[in-house]
Amino acid sequence: MRLSKGKWVSLGCGIVLIGLAVWLYPFRDVLWFYLTESFRGKREFNPQGCMQNLKSLGQAQNLYLEANDAYPPAERWMDELILYLHADDITRESQKRKLACPDVGDGETTFGYAFNGEISSLWSDKVQNTAATAVIYDSEKLDWNAFDAKALDSLPKKERKTGNNALFADGHAGRVKRK
């Protein structure tokens with residue numbers, strides 16, 4: 001039995017398609033992720049809580065320290081760190097919401113974090129006790145670029161619903177009590 005040229009082409013294409021499917025099978029999850037994420041567009045940041053936002057700020061702070069070897073100036077710390085919160089799939093407005101404690105701030109006009117002015121523009125290796133030095137913390141001040149000349153001055157007197165949180169110089173985020 002002899003096959004015509006058209007049947008040979010069809011058979012060859014079928015074998016190639018089966019081979020391609022078998023070869024790509026291990027990569028199906030990656031390909032599916034790529035296809036779905038490529039066409040999704042920019043997403044909105046969904047705040048999960050003050051502690052989670054502080055952890056994001058900790059990552060931004062670490063990137064800032066790697067680039068500058070010093071802490072940002074207290075008068076414009078949010079202006080500096082927002083540049084390091086950049087992600088291609090998150091809008092600029094969503095980035096600003098990462099700079100706000102969702103318990104008290106909306107990320108547009110109110111934020112609820114303050115920066116420790118004692119380490120403003122200080123070289124990172126000059127901070128003595130990094131595990132106990134609060135850098136960014138919950139604050140009664142709700143302004144953009146809020147800071148205290150003395151650490152933890154504006155820490156809320158009445159704790160927030162999840163407690164008062166702080167980001168420390170060593171990069172960890174945790175609870176903090178008023179002194």
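**View 1. Strands E2 and E4 pair in this predicted model.** Strand E2 (residues 134–138) and strand E4 (residues 165–168) run antiparallel and are joined by 3 bridges. Within this pairing, Ile136 has Leu167 of E4 as its bridge partner.

**View 2. Five strands form an open sheet.** The order of the 5 strands is E3-E1-E2-E4-E5, and their pairing is mixed. Strand E3 (147–148) and strand E5 (173–175) are the edge strands, each of which pairs on one side only. Helix H3 packs on this sheet, where the helix touches E1, E2, E4 and E5. The direction of H3 makes an angle of about 15° with that of E4.

**View 3. Cys50 and Cys101 form a disulfide.** The sulfur atoms of Cys50 and Cys101 are 1.6 Å apart, and the count for the model comes to 1 disulfide. Because the torsion about the S-S bond is about 60°, the disulfide of Cys50 and Cys101 is right-handed.

**View 4. Three cysteines, Cys50, Cys101 and Cys13, are described by their accessibility.** Cys50 has a relative accessibility of 3% and, because buried means under 20%, counts as buried. Cys101 likewise counts as buried, at 0% relative accessibility. Cys13 has a relative accessible area of 43%, which lies between the limits of 20% and 50%, so Cys13 is partly exposed.

Methods
Residues numbered from 1 in each chain as written. Predicted model: local features only at pLDDT ≥ 70, side-chain atom pairs only at ≥ 80, totals over all residues. Heavy atoms only, no water. Disulfide = S-S within 2.5 Å. Buried < 20%, exposed > 50% of the residue type's maximum accessible area, 1.4 Å probe, protein only. Pairing = 2+ DSSP bridges. Helix = DSSP H or I, 4+ residues; strand = E, 2+ residues; numbered from the N terminus. Contact = heavy atoms within 4.5 Å. Axes fitted to C-alpha atoms, helices over the stretch in contact; angles between N-to-C directions.
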